[in-house]
Structures are given as C-alpha cells and as structure tokens.
Amino acid sequence: MTSRRLEAFQGFGFIVPVILVLFVFTVLPLGYAFVLSLMRVNQLAGTYEFVGLANYQLALNDPRVHTALMNTLRYVIIVVPTQTAIALIMAVALNSGIKFQKTFRTVYFLPTLTSSSALTMIFMFLFAVNGPANDLLVGLGFIETPINFVQDVRFALNSIMIMNIWATVPFYMTIYLAALQDVPDTLYEAASLDGANSWQKLTKITIPNVVPVTNFVLLMGIIGCFQVFDQAFIVSAGSGGPANATLTFSLVIYQYAFMVIGTMGYAATLAIILAAIIFVVSIVARKLNREETLY
C-alpha cells in the first residue's frame, strides 16, 4: 500500500465514527420525523395512517402555531443582537488590561456553568410578586404596586428574554475574548499615535477583525433562540401561558407530541417546519454577512 493510499485510509478511518454518529443521531431521526409528518399517528393504538401533506396544510391554518412562531421570531429578533452586542462589549472591556480582569472573567463565566433549569427557577424567584426585582422597583418609585412579571402577558416573554441574555452572554463573551487575542496590538498602537479614541478603535479595528467570530455567534444565537424550550416550559408549567404569551415553537411541538393524543404526526410536521426555518434563516444570515465558510 502506497503512502498516499495509507494516508487516505487513515483519514477515512478518522471520519467514519463521526459519519456514523451524525447518521444515527441526525440523519435517521430527521428522516423518521419527515415520514411521521406525512401520517396521522395514534400512539395508544399504534396506528399509522398516511395523510400526505394534510398535516402541513393544517399547520398553515393553526392559530396556536402562528402565535408560537410570532413569539419565537420576536424572541430571536430581540435576544440575538442584544446578547451579541453585550458579549462583544464585555469582551473588549475584559481585554483592555483592567485590574482583576482574570477574576472578572471567572465571575462572569459562572452563569454558563449553571443548568438552564436552575437559572430559570432563580429568575422566577427574582421576578416574583414578592421578589427582589419588585422590591427594588417599588422602592425606587418606578412602580406603585408589585407586578407578577412571569404571569403577566405584557412581561412574561420579556422576562424569559432577560433570563436568556444573562445566561448566554458569558459563553459568547469567552468566544470573543479568544478572538481578541489574535488582533495585533500594533494596530491599536498605530491608532493611538494617529489620535484615535476608544470608539474609533472599536469600530475601525476591533469589530472588523472579529467579523468571522461575530458571524459564528450570530448563527449560534439564531439556532439556539429558535429552539428555546426549557425556560418557557418551566415558567408556564408547559402551558405556554399566560394567554400563550410564552408559547414558543419548540413548546408547541412538545405539546402536540406528548400532551395531545393522536397528534404525534402533526408534531413531527412542526418539527420539520422548524428545522426548515432554522436552515433558511441560517443561510440568509451567512449570505448577508458575506461569509461562505465558517472556521
């Protein structure tokens, strides 16, 4: 066996496990979900009735699906840019040579190490009627009476947004910190000699040099926000309330799959639709950022 063939054989051997994992845990489930989306499934009776595209047509006319999609889109539009901007600003601040920056990095990263369920329970306590947030707002005179943020239609989804931003910013901040290490110090030194201020350095040097990382953070944020489930599930006890204010697309899929008998095929349809939406939005985001390949 020649060295070229041996090298190719070794490379193939390394990628086979990855291909098998992707096939078993990604391709097969996706294919099975698509097959289920074409059927009316009764879990108790174990019956499968082929209905073609009827489930997809039903999804187009389902008001609960429309509400879930609008809530999810609003969630994505607000959370993704906000968490990206805050993560970049924090990374720049912690990379500027301030005192105790290593300590700050460790402290800010702690929320990432905590489970999402635990963070949700903590925020439910903070935003409760008798919680610290209401005590602070009433004490400062911003509101006269306490507000039950997680049970008020006006604030329920916003509370989840704040929770998610607080929990995810440290992770993306760490990614930005790694990227900032590759930005040459000579660029900042030259800018200082030319009289550039901090804002000019940020917009003319830092941001352009971390564009590939920003694209990655945006894509990861979009995918994660479209799939938001656990916070909405815990806050609303699985109902998506109050008045469907916290009903997300992933939560409505769960409801049809496990809380309503005979709609597993319809839930699979919604899962396929969600996967298609994420795929299309991700492709559009990459095109808008003019980046064909992520490294």
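**View A. Q255 in its buried setting.** In this predicted model, Q255 is buried, its relative accessible area being 7%. That value counts as buried because the cut-off lies at under 20%. Q255 belongs to helix α12, which covers residues 249-259. Leaving aside residues up to four places away in sequence, Q255 touches R64, G238, S239, G240, L247 and V260.

**View B. Helix α12 against helix α13.** Stay with α12 for this one, and bring in helix α13, made of residues 264-288. The axes of the two helices come within 7 Å and cross at roughly 160 degrees, so α12 is roughly antiparallel to α13. The crossing of α12 past α13 is left-handed. On the α12 side, the residues that meet α13 are F249, S250, V252, I253, Y256, A257 and F258. Their partners in α13 are M264, Y266, A267, L270, A271, I273 and L274. Sorted by class, this contact has 13 nonpolar residues, 1 polar residue and no charged ones.

**View C. Helix α3 crossing helix α7.** Here we look at helix α3 (residues 63-94) together with helix α7 (residues 156-180). Their axes come within 7 Å and cross at roughly 40 degrees, which means that α3 is oblique to α7. In handedness, α3 passes α7 in a right-handed crossing. The residues of this contact comprise 20 nonpolar, 7 polar and 1 charged.

**View D. The salt bridge of E49 with R40.** Side chains of opposite charge can pair when their charged atoms come close. The structure holds 2 salt bridges, and one of them joins the side chains of E49 and R40, with an N to O distance of 3.1 Å. How accessible are the residues of this pair? E49 has a relative accessible area of 43%, and R40 has one of 44%. E49 is therefore partly exposed, and R40 is partly exposed too, because this class lies between the cut-offs of 20% and 50%.

**View E. The salt bridge of D152 with R154.** In this view, D152 forms a salt bridge with R154, and the closest N and O atoms are 3.0 Å apart. Is D152 buried or exposed? With a relative accessible area of 17%, D152 is buried.

Terms used: Residues numbered from 1 in each chain as written. Predicted model: local features only at pLDDT ≥ 70, side-chain atom pairs only at ≥ 80, totals over all residues. Heavy atoms only, no water. Helix = DSSP H or I, 4+ residues; strand = E, 2+ residues; numbered from the N terminus. Buried < 20%, exposed > 50% of the residue type's maximum accessible area, 1.4 Å probe, protein only. Contact = heavy atoms within 4.5 Å. Axes fitted to C-alpha atoms, helices over the stretch in contact; angles between N-to-C directions. Parallel < 35°, antiparallel > 145°, perpendicular 65-115°, else oblique. Left-handed = near helix turned anticlockwise from the far one by under 90°. Nonpolar A, V, L, I, M, F, W, Y, C, P; charged D, E, K, R; others polar. Salt bridge = Lys/Arg side-chain N within 4 Å of Asp/Glu carboxyl O.
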